Each structure stands twice: as structure tokens, then as C-alpha cells.
Amino acid sequence: MTTTAPSPAIVVTNPADGSVVGSVPDASAEEVRRVVDELRIYQPAWEEIGAQARGVWLGRLRDWLLDHESEIADTLQSEAGKARAEAEAEAPMICELINYYSKNAAAFLTDERIPSSGALTAQKKLVKVYRPYPVVGIITPWNFPFAMPGMDCVPALAAGAAVVIKPSEVTPLSAQLLERAWTEIGAPPVLRVVTGLGATGAALVDAVDYIQFTGSTRTGKAIGAHAAGLLKPYSLELGGKDPALVLADADLDRAVNGIAWGGLMNSGQVCVSIERVYVEAPVYDEFVAKLAAKVNSLRQGQDDATYKQDVGALATLAQQQIVDGHVQAAVAEGARVLTGGKVGATGTFYEPTVLVDVNQSMACMREETFGPTIPVMKVADAEEGIRLANDSPYGLSATVWTSNLKRGEGIARRLDAGAVNVNDAIINLLAFSVPHGGWKESGVGARFGGANGVRKYCRTQVVTVPRMKTMKNEMNWYPYKARRAGLSGRVMRLIVARDARRRFSRRPPKA
Ligand code: NAD
């Protein structure tokens, strides 16, 4: 009898205080393959039941999530060190996504009758069918340990695919709740979670039919290269360095409140968090004073349901070092810290920070910080702000703050980013009917986006069916003969030519 050695364990800790909160297996490539093979058994039936029935199961998942909201929030806090209010936001967001795709997936996936492109296929009924990739692999980061896997598994399941989630090794416990929920509602066994390090993720790329990845640009490039070698389709949601542009006519109080939240929410560990701010000169001093006061007033720590804290911990010590590195380098190059600028007294906390006297060449303005820092730079006018905002290898999202909404929209169209929010931050990530995708090094493809949010998990299949009684043979089939070739040449010229001379003349002689 052969026995399989148990997978080595990954220990999960609470970054706020370093306490051990759980452990999960570091799954081998063989285990990943076994899970995917099992899913291949159940996926055809999941596809077969249709989008309406899948929507019913997703609705039961929503109910489970609502019934277990507190447990999900507890788990999120325990492994990610979040503030309570932020931990409680992840499950309801997924519920809205479930409602959207439960309601609309059937229409999005309905066969499409497509008109013929011309005479060559005029006799055919043309149908475009959406058939899911059998098994979709979803690899996720640690910043939203529940929402990230949830955001991608809901549309993939709605599309009829089976799904394997490989959550971040830093925060695997929240994703495991999704598998538990799916099992407890008694749904068909088409959703699994495998835990492990990067090698487990790489094994998932090998085993599945489509890869949905969210994480750093560095890992995204490695996954893209890996998947390309296997000719597997993928979608990549990567890093960002989102700019905010504050115009002189902005409602400064809203801009300050929005930028403080958009830059510091989830301790700045949001792909679309505001990472650099450009302010038009006439309002720079007032904006900076108000922003520093606002950020200085925020409370930091890990709370319970008393909602006493605004800013939680960072997910890892490594992240704390990156954030501090950016701040210290900026200070060494002449920047000033208006508030914050230090690692916290315990755990992985980093004080919410406002930096001024920064310039475009500093790491804090160029590289993704992914922490609670807001560097602010004065610009002469909107033109300079637009130029500096676009001067980045990233292009995830951006914000514009102005009381002239028309002008704001106009500026949005000049920014190189997958989404631009006027007088708001992060909100595009909650708009499931439009795509969320990055430009440049911020990604390939998009999540959500109405119909595309489920169709991306499908292969399009075309079915052609005769519209009339068919003949025994077609004019262009065998055997080829001079008379038939001449006749079909004349017919084709009659059809495709757009002037009388070419339409009625014979084929030009062979050169
Ligand atoms: P990461 O790239 O280090 O890890 C992400 C996931 O990839 C983890 O599950 C990890 O185990 C796995 N992985 C690592 N190497 C792998 C490999 N070779 N093959 C397959 N999988 C592999 O990212 P992170 O540090 O966990 O997350 C932070 C990053 O995520 C930030 O850059 C942030 O901007 C980005 N992010 C982007 C979005 C978006 O929608 N654009 C959303 C959230 C986070």
C-alpha cells in the first residue's frame, strides 16, 4: 500500500500582533492536478444545468455569506490585520456581484444568431455559442483575501466553469470559507481551494484551462510567460500607481476626504488606491494643510465590532519594509513628512503618512508603495498634472477632483488608465457592469464588464446550419472542372465587385 506524505504546512499569523491563527497545506503539483482532475468529472453537469440553475446555487451562496458575515470578518481580521469596518465590507460586496450575475448571466450567455457576412454564407444559419473553459484557475493576492477570490469565482461559476482558487499563502483562511460555504449549501462540487506557495500557483497554471490572476506585475509577467508557453488564455490584474489630480476649482473638503480614504483605505493595500497626488498651485497650500489634519486625525489599530479604528495593519513585515523604504528614501532626497512617517509600535502597522516636497523621480512617486502613504506634489496647472500622471509604467486607475464635471470628464479621457473616477475614489471597482482592467503594466484583460465578465470564461463556438434543403454536392466541392470554375468565378465577381466593369467582365487572364 502506498501512502502519500502529508503536505508541509504553512503557518498563518495575524500581522497586527504576530499571533498564530491557523495553518494550511502547501499543496504539491500532484495534489493540484488531482483536484483539477476531480473537477473535470463534475464540470459537464454544471455546464449542462444552465445559467438559471447556476444562479440559484449562487443565490444560496449569497445567503450563506450573509448568515456568516461576522465569521468572515473575524477571519479576515485574523489573517490580514484589517480594521473591522473594512473586514465587514468584503462579503456584502460579493453578494451584490452574485445578484448581478445571477440575474444577468443567462442573457449574457444566450446563443447569438449572427447575420451572414455576405453571399458566401447567405444560406446558413450562424449561431455563436458560449461554452465555458472546463476548469478555471484563480490565483489571488493577500490584500482582499475574501473579495478577490470571490470577485473572480462568481462570474466563472456563473459561466459554467469549475473553479480552483489558489489564495495567497499569507491569507489563505478567508478563501477556504468560500469552499466551505459551497459545500455546506450542498452545491455541485465544482469549487475548490488549493493552498500553497508560488509553486502551487504555477502547478495550477499547468493543470487548468484558463488562468485569472490578480497580484503583482512581477508575478503577472511570470504567469503570462508560463501560460503563453502552454498556449493557455489568461487575464492579469496587476499593480498600479494611481494618480489623483486636484484642480483649483475642486471642492477641497471632498477632495481631501476622498483622497485620504482612497489612499489609506485597507492601509493603502488596494490595487486602485491613490498613490500620488498632483495639486494645482493656487490650492496646494490649503489642500495640503487640510489633508495633513485629516490624516493626522485617523485612528490606527485592530478593533472589534466597536469600529474604533480607521487604519489597520499591513499584511506582512515585508510590506512594512517596502513602505518605510519609500518614505525614508523620499526624506533622504528632501521630502518632508507632514504626519506619520514611522513604523507602528507593534506588529506590521505603519502610521498613515502625508509626504510633501516630493518629486517625480522619487520611488514614492514611481514605484507601487501599497501602503498608507500619500505623497503630494504641486503642479503649475492641469496640463502639467496630466503629463506627470501619465508618466508611469502603470495605468490602472486615476482620479480627478473638480467642480466642473464636464472638464473632469474631458481630463479623464486624456489619462492613460483603465478607469478614471471624477470626484471619487475606488468606486469603479464596485461597478460590475463595466470592465475593471489595467493599461500598460497594470494588466491584460479585465474582470467584470457586464457580459464580458462571464464571456471571458467561455470559448466561443460557432455552429453553422443550412437554412434550406441541401444539394448532393456544392459548386466549390470536388471534382474541380474548368466549366464550374469559370462559372463560380463569374458568380463571385458578380457578388463581390462594386463597379459594373469588374462585375460583368471575366476573370483577368493568368499572369
Ligand atoms: P504576488 O504577485 O506576490 O502574489 C499573488 C499570488 O501569486 C499569490 O497567491 C502567490 O502565491 C502567487 N504566485 C507567486 N508566484 C507565482 C508563480 N510563479 N506562479 C503562479 N502563482 C504565483 O502579489 P501579492 O504581493 O500577494 O499582492 C499584491 C499585489 O497585487 C500588488 O501589486 C497589487 O497591486 C496587486 N493587486 C492587483 C489588483 C488588480 O485588480 N489589478 C487587485 C489586488 C491586488
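Me: Which residue lies over the face of Trp-57, and at what distance from the ring centre?

Reply: A charge sits over a ring if NZ of Lys or CZ of Arg is within 6 Å of the ring centre and within 35 degrees of the ring normal. Over the face of Trp-57 lies Arg-60, 4.5 Å from the ring centre. Arg-447 lies over the face of Phe-448 at 6.0 Å from the ring centre. The model is predicted: local features need pLDDT of at least 70, side-chain atom pairs count only at pLDDT 80 or more, and totals for chains, interfaces and linings use all residues. Residues are numbered from 1 along each chain as its sequence is written, and side-chain values use heavy atoms, with hydrogens and water left out.

Me: How many aromatic pairs does the structure hold?

Reply: A pair of aromatic rings is described by the distance of the centres and the angle of the planes. Rings of Phe, Tyr and Trp (its six-membered ring) pair if their centres lie within 6.5 Å; planes under 30 degrees apart count as stacked, over 60 as edge-to-face and the rest as tilted. The structure holds nine such pairs. In one, Tyr-100 and Phe-108 have ring centres 6.2 Å apart and planes at 55°, so this pair is tilted. Ring pairs join Tyr-100, Tyr-101 and Phe-108 into a cluster.

Me: Are Phe-432 and Phe-448 buried or exposed?

Reply: Buried means under 20% relative accessible area, exposed over 50%, partly exposed in between (1.4 Å probe, protein chains only). Both Phe-432 and Phe-448 are buried. Phe-108, at 15% relative accessibility, also counts as buried.
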